[in-house]
Amino acid sequence: MRAASGRRHASFPDQKFDIQELFADGQNIVMTWLWSGTHTGDLPGFPATDRLISMSGATVYTFDNNERLTGHWQITDRLGVFQQLHRSR
């Protein structure tokens with residue numbers, strides 16, 4: 001996971017997350033967000049394009065009774081990212 005994060009940061013050094021909404025329900029917190037970054041470094045199969053790439057997503061964080069984070073689940077629009085990268089060729 002750390003290696004993937006490092007590759008993503010190297011490919012999109014100006015990346016940022018903008019939190020859109022936070023929702024709490026029992027032991028879960030849901031965060032919806034927008035991500036964007038300029039594609040300045042190569043990704044496997046996608047040479048750098050210098051184009052702004054963006055995606056949306058949601059993350060569900062689960063906590064135990066002591067309010068400790070016990071896990072998370074995430075959904076992202078990776079297909080949209082690949083379509084943006086492909087159009088950049």
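1. Asp-50 is exposed, with a relative accessible area of 57% (exposed means over 50%, buried under 20%, partly exposed in between, with a 1.4 Å probe and protein chains only). Asp-50 sits in the loop between strand S2 (28-38) and S3 (strands are DSSP runs of E, at least two residues, and helices are runs of H or I, at least four, numbered from the N terminus). Its phi is near 65°, a positive value in a residue other than glycine.

2. The model is predicted: local features need pLDDT of at least 70, side-chain atom pairs count only at pLDDT 80 or more, and totals for chains, interfaces and linings use all residues. Residues are numbered from 1 along each chain as its sequence is written, and side-chain values use heavy atoms, with hydrogens and water left out.

3. Glu-67 also has a positive phi, about 65°, although it is not a glycine. Glu-67 is placed in the loop between S3 and strand S4 (69-76) and is exposed, at 68% relative accessible area. Most residues other than glycine have a negative phi.

4. In helix H2 (residues 78-87), the buried residues include Gly-80, Val-81, Gln-84 and Leu-85. Seen down the axis of H2, its buried residues fall within an arc of 135°, so they line one face of the helix (the arc is that of the directions from the helix axis to the C-beta atoms). The face turned away from that buried side carries the exposed residues Leu-79, His-86 and Arg-87. Strand S3 (52-63) is included in what covers the buried residues of H2 (contact means heavy atoms within 4.5 Å).

5. Ile-19 lies in strand S1 (residues 16-25) and is exposed, with a relative accessible area of 51%.
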